[in-house]
Amino acid sequence: MAHTFLMESGQWLLEGSWLNRNELPIAVRGKTVVAWNQSDWFSMVTKLVFPGHDHEDIILQYRGRLDSNEREYTFVLQHSQLGKIEGEGLISLESIVQRYRVLGDERQRRNGFETLRKVDSNHYYYSSGIMAGHTLNLISVMEATLERKS
């Protein structure tokens, strides 16, 4: 199964839940736009909103490069709450998995992961987590579905 998310330009709608440590889950919705400017460079922008909750919106702006084997990529990310981030991703047959670390964050040592599992060409299941510290305490998670906007 060839991937449509990230590997092709397009727009995706996100719907799911966000869970901060020691809090109840809250609804999250969002939109992601993926664009390929050159054959091996991509950009991606995601906006997450939390309807009916006072949680601040999150905006993520990625710029990445796909390696020549088309199975690995690196990226930099400007996260509206965490700041500058760098990471890498691996593209497997049914999933896209990436990990990242927050730059200049020696005190909290925040890092995270994201997994996108392909359901079909127009749908992915998304899960992510943000961790902090030497013992990698999980501080928040998000689960959602992504649907390609036609």
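The questions and answers below go through the fold, two residues and several side-chain pairs of this model.

Reader: What kind of model is this, and what pLDDT do local features need?
Author: Residues are numbered from 1 along each chain as its sequence is written, and side-chain values use heavy atoms, with hydrogens and water left out. This is a predicted model in which totals for chains, interfaces and linings use all residues, side-chain atom pairs count only at pLDDT 80 or more, and local features need a pLDDT of at least 70.

Reader: How many strands close into a barrel, and in what order?
Author: Strands here are DSSP runs of E with at least two residues, numbered from the N terminus, and two of them pair if DSSP finds at least two bridges between them. The pairing in this barrel is antiparallel, and 10 strands close in the order β1-β2-β3-β4-β5-β6-β7-β8-β9-β10. Neighbouring strands of this sheet are turned against each other, direction ignored, by an average of 20 degrees.

Reader: Which residue in β10 is the bridge partner of Ser17?
Author: Strand β1, residues 10-20, pairs in the antiparallel sense with strand β10, residues 137-148, over nine bridges. The partner of Ser17 in β10 is Glu143.

Reader: Is Thr46 buried or exposed, and why?
Author: Thr46 is found in strand β3, which covers residues 41-49. Setting aside neighbours within four places in sequence, Thr46 is in contact (heavy atoms within 4.5 Å) with Lys31, Thr32, Ile58, Ile59 and Leu60. The term buried means under 20% relative accessible area, exposed means over 50%, and partly exposed lies in between, for a 1.4 Å probe and protein chains only. Because its relative accessibility is 8%, Thr46 counts as buried.

Reader: What is the length of the polar contact that joins the side chains of Thr46 and Thr32?
Author: A polar contact is a pair of N or O atoms within 3.5 Å; within protein, one must be able to donate a hydrogen and the other to accept it, and residues adjacent in sequence count only if both atoms are side-chain atoms. The side chains of Thr46 and Thr32 are joined by such a contact, of 2.8 Å.

Reader: What is the geometry of the aromatic pair of Trp12 and Tyr124?
Author: Rings of Phe, Tyr and Trp (its six-membered ring) pair if their centres lie within 6.5 Å, and planes under 30 degrees apart count as stacked, over 60 as edge-to-face and the rest as tilted. By this rule the count comes to eight aromatic pairs. With 5.6 Å centre to centre and 80 degrees between the planes, the pair of Trp12 and Tyr124 is edge-to-face.

Reader: How many residues apart are Trp12 and Tyr124?
Author: Trp12 and Tyr124 are both buried. The pair links distant parts of the chain, with Trp12 in strand β1 and Tyr124 in strand β9 (residues 123-132), and the separation is 112 residues.

Reader: Which residue has a backbone nitrogen 3.1 Å from a polar atom of the side chain of Tyr124?
Author: Tyr124 counts as buried because its relative accessibility is 1%. Leaving aside neighbours within four places in sequence, its contacts include His3, Thr4, Phe5 and Trp12. The C-alpha atoms of Tyr124 and Thr4 are separated by 9.4 Å, although the two residues are 120 residues apart along the chain. The backbone nitrogen at 3.1 Å belongs to Thr4.

Reader: What distance separates N and O in the salt bridge of Arg148 and Glu8?
Author: A salt bridge is a side-chain nitrogen of Lys or Arg within 4 Å of a carboxyl oxygen of Asp or Glu, and the structure holds nine of them. Arg148 and Glu8 meet in one with an N to O distance of 3.1 Å. This pair links distant parts of the chain, Arg148 in strand β10 and Glu8 in the segment before β1, 140 residues apart. The distance asked for is 3.1 Å.

Reader: Which residues are linked with Asp40 in a network of salt bridges?
Author: Arg65 forms a salt bridge with Asp40, the closest N and O atoms being 3.2 Å apart. Arg65 lies in strand β4 (residues 58-66) and Asp40 in the loop between β2 (26-38) and β3, so the pair ties together parts that are 25 residues apart in sequence. The residues linked with Asp40 in the network are Arg65 and Asp67.

Technical notes
Helices (H or I, at least four residues) and strands (E, at least two) are DSSP runs, numbered from the N terminus. Axes are lines fitted to C-alpha atoms, for helices over the stretch in contact, and angles run from 0 to 180 degrees between N-to-C directions.
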